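This briefing goes through a few features of one protein structure. Keep the sequence and the 3D view open while reading.

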Amino acid sequence: MLKVRAKVVFNHLPKLTALMRARAGEAVRKTTEVIQDDSRERMQGPKSGHLYPRPGKWHQASAPGEAPAVDFGFLVESIQVEFPRPLLGVIYTNEDYAALLEYGTGRMAARPYMTPSAIEAWPSFLAAMMDVFGDG
């Protein structure tokens, strides 16, 4: 019977693992911030929904399928990011009506802003991860 022995003279695995975690964490951080910025930008553009009078101005609402239109700016300013762990980025808003706009209701069609941003960011995130793991 043939026996094979291997002796590890230089163990660089901990250093490589730490480097990969750091690079993956940077990709998570960058992608999370890109989604935050893009979600905010989607609300800024021109809209094609109803026109409503406001005191001293008119408000152009979003049409179904468009990102919400900025009226007072509460929603756009409420989009935040957190990094509770090195490989976890969270994009959130604390506005009660945010989910109603993102997903719609029984009486209103969705006005998605975060989901399209996340979908658009996915290819770049995947490419960054493949680069971290040597497949890029």
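Tryptophan 122 and phenylalanine 125 are about one helical turn apart, because they are three residues apart in helix H4. The model is predicted.

**Aromatic pairs**
- The whole structure holds two aromatic pairs.
- In one of them, tryptophan 122 and phenylalanine 125 are tilted, with 5.8 Å from centre to centre and 45° between the planes.
- Tryptophan 122 has 48% relative accessibility, so it counts as partly exposed.
- Phenylalanine 125 has 18% relative accessibility, so it counts as buried, since the cut-off for buried is under 20%.

**Helix H1**
- Helix H1 covers residues 13–44, and its 32 residues should span 46 Å at 1.5 Å a residue.
- Among the buried residues of H1 are Ala24, Gly25, Val28, Ile35 and Met43.
- The cover over the buried residues of H1 includes helix H2 (74–78), strand E3 (80–85), strand E4 (88–92) and helix H4 (114–132).

**Charges over rings**
- Arginine 29 sits over the face of phenylalanine 83, 3.9 Å from the ring centre.
- Lysine 57 sits over the face of phenylalanine 72, 5.9 Å from the ring centre.

**Histidine 59**
- Histidine 59 is part of strand E2, residues 57–60.
- With 8% relative accessibility, histidine 59 counts as buried.
- Beyond its neighbours within four places in sequence, histidine 59 has contacts that include Leu51, Tyr52, Val70 and Asp71.

Definitions and conventions
Residues are numbered from 1 along each chain as its sequence is written. This is a predicted model: local features need pLDDT of at least 70, side-chain atom pairs count only at pLDDT 80 or more; totals for chains, interfaces and linings use all residues. Side-chain values use heavy atoms; hydrogens and water are left out. Helices (H or I, at least four residues) and strands (E, at least two) are DSSP runs, numbered from the N terminus. Buried means under 20% relative accessible area, exposed over 50%, partly exposed in between (1.4 Å probe, protein chains only). Contact means heavy atoms within 4.5 Å. The expected span of a helix is 1.5 Å times one less than its number of residues. Rings of Phe, Tyr and Trp (its six-membered ring) pair if their centres lie within 6.5 Å; planes under 30 degrees apart count as stacked, over 60 as edge-to-face and the rest as tilted. A charge sits over a ring if NZ of Lys or CZ of Arg is within 6 Å of the ring centre and within 35 degrees of the ring normal.
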